Amino acid sequence: MPKSTTMTSDWTYLTNELACYLQKEALEVVLLLPAMDTIEVNHAAKYCARQYNYLLPLGQLRLLEATLYLPSSIYPADIEEVRTAAITSALAWQKSCLSQNEDDQTDCYYVLILDIQLNNDDIDVNGNNVDSSHHQGVVSQRLTHHFGTRYFKESLVLDANDSVQQLQIFSWQDWHSILITVQTASELWRFLGYQLKHLKPQQLEPPTASHSSNFDSEQALLTQFMNSDFLFTQAIMIDDALIKYGMQDKPNSALVTMKLAQKNNSTAVQMYHQHMQQASTLWSQLSTQMIGLVGEKPTTSDEEQSTASQYSHWQQQLRDESLFSRHELVRTLYRHPKQTAELQQSGYVVHQHSYESLGRHYVLIFYGQTANGKQSKEAIQPNLQQIAQDVATRLPIAELHHVIVMGIEFIADTTDTFMDIDLWIQPVSAMTQKERRLTKQLQRLKHQQTGERQKSNQQDLQSVSKVTSSTQITGST
């Protein structure tokens, strides 16, 4: 008999972030559950099902969340019968979606989240006490159940045809464990691809001692994924590209260290995972804070729709980042207190690139503390957009698509230090490599001309200085 656990909150940071990728409001779905009809009559059981369509950075996610409300007195055999009926109905839902979207060439994963809740007779289908005077606290219980490859091989034998997208099935507990662990939309997408390969073993490379094609539970597969090459493949590809473009001289040392630890099954791997997850959570909080400040700016009625579109687009750019990319951005912020007092006083700029999307570039401007200085907040803040445009024309990356400028101020009080971050995100029209090279040549010519003019002006001033140096100015007009 599967175990039951007390209901907990459905909220995670990734659950919150996924909302910005939702294409439209959730749709109620009617499931065909013949087995449920009998149990519904005999045991007053209920269900609800909702469909969510997400456009993630790497493709479409069509998610069906089905919740079965069953009485606690139900027999285990009846639970399994209803569970199988729900999955069968979800397969019919997936087939319908495939037929409706057969012309859509976007990569897509179809996912079923199955939530089985056991309720006492005096608990309604929403989990609320009908008579709260007799029951204190929450008494609804979620049934803990898993699937694993054995279930798909023996209990749910599906057509393994590569041309048909397979339905991926998770229990509520496993799905939320996955969200808590992977933290980002990009890692979620990669994990779904990783699981799909295990459900279709012919797509897998030959298994190794640490990476078997079989898995007992989704939690076991998740652990295997977090220790696989999938976690850093994209970051390594972008790191190589940045070296090729001359954006950096050598591989990122943190990436090399984490990759080697992963390869050698080092005990430090769990520490690095924890660091990335902590950084991801902080980046999520900072993104919410930054976007919230943008949304608070007053707008006229004519600007509201445009602002809402910009708001959503900016959210996605910040939240598209992977675990490693967020780690590097947060690490850049954490380095600030370690900088010299002189540098903190004058202000400075750090360039950072996304390790998830080649072409998303960050300019982190740490405001100087000198009032009215060149790097002060007063001087920089009004010019964030112009700075983004200037940087965009100078970067040699042909794939460049966004420049994100962050103006950062550290505010200390008696007990803590806070970050106040100004934000501007500049979309960039794609340039060919030839166009970017010609732009850089034109910039060099302008700099040379400017330098020659400055040199000429300086010589003229020196000539004037020689004439006036022998004359003492005693008054003014």
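Colleague: In which hand does H5 pass H7?

Modeller: In this predicted model, helix H5 passes helix H7 in a right-handed crossing. H5 covers residues 172-182 and H7 covers residues 218-226, and the two pack with their axes 10 Å apart at an angle of about 15°. Angles under 35 degrees count as roughly parallel, and therefore H5 is described as roughly parallel to H7.

Colleague: Which residues in H5 and H7 meet?

Modeller: From H5 come Asp174, Ser177, Ile178, Thr181 and Val182, which meet Glu218, Gln219, Leu222, Phe225 and Met226 in H7. Sorted by class, this contact of H5 with H7 has five nonpolar, three polar and two charged residues.

Colleague: What describes a pair of aromatic rings?

Modeller: The general idea is that such a pair is described by two quantities, the distance of the centres and the angle of the planes. In this structure there are 15 aromatic pairs, among them Trp93 with Tyr110, whose ring centres are 6.1 Å apart and whose planes stand at 75°, so that the pair is edge-to-face.

Colleague: Where do Trp93 and Tyr110 lie?

Modeller: Trp93 lies in helix H3 (residues 76-100), whereas Tyr110 lies in strand S5 (residues 108-119), so the pair ties together parts that are 17 residues apart in sequence.

Colleague: Turning to strands, in which sense do S10 and S11 pair, and over how many bridges?

Modeller: Strand S10 (residues 402-412) pairs with strand S11 (residues 417-427) in the antiparallel sense, over 11 bridges. A hairpin of four residues joins S10 to S11, and within this pairing Val405 stands opposite Trp424 in S11.

Note on methods:
Residues numbered from 1 in each chain as written. Predicted model: local features only at pLDDT ≥ 70, side-chain atom pairs only at ≥ 80, totals over all residues. Heavy atoms only, no water. Pairing = 2+ DSSP bridges. Axes fitted to C-alpha atoms, helices over the stretch in contact; angles between N-to-C directions. Parallel < 35°, antiparallel > 145°, perpendicular 65-115°, else oblique. Left-handed = near helix turned anticlockwise from the far one by under 90°. Contact = heavy atoms within 4.5 Å. Nonpolar A, V, L, I, M, F, W, Y, C, P; charged D, E, K, R; others polar. Phe/Tyr/Trp six-rings, centres within 6.5 Å; stacked < 30°, edge-to-face > 60°.
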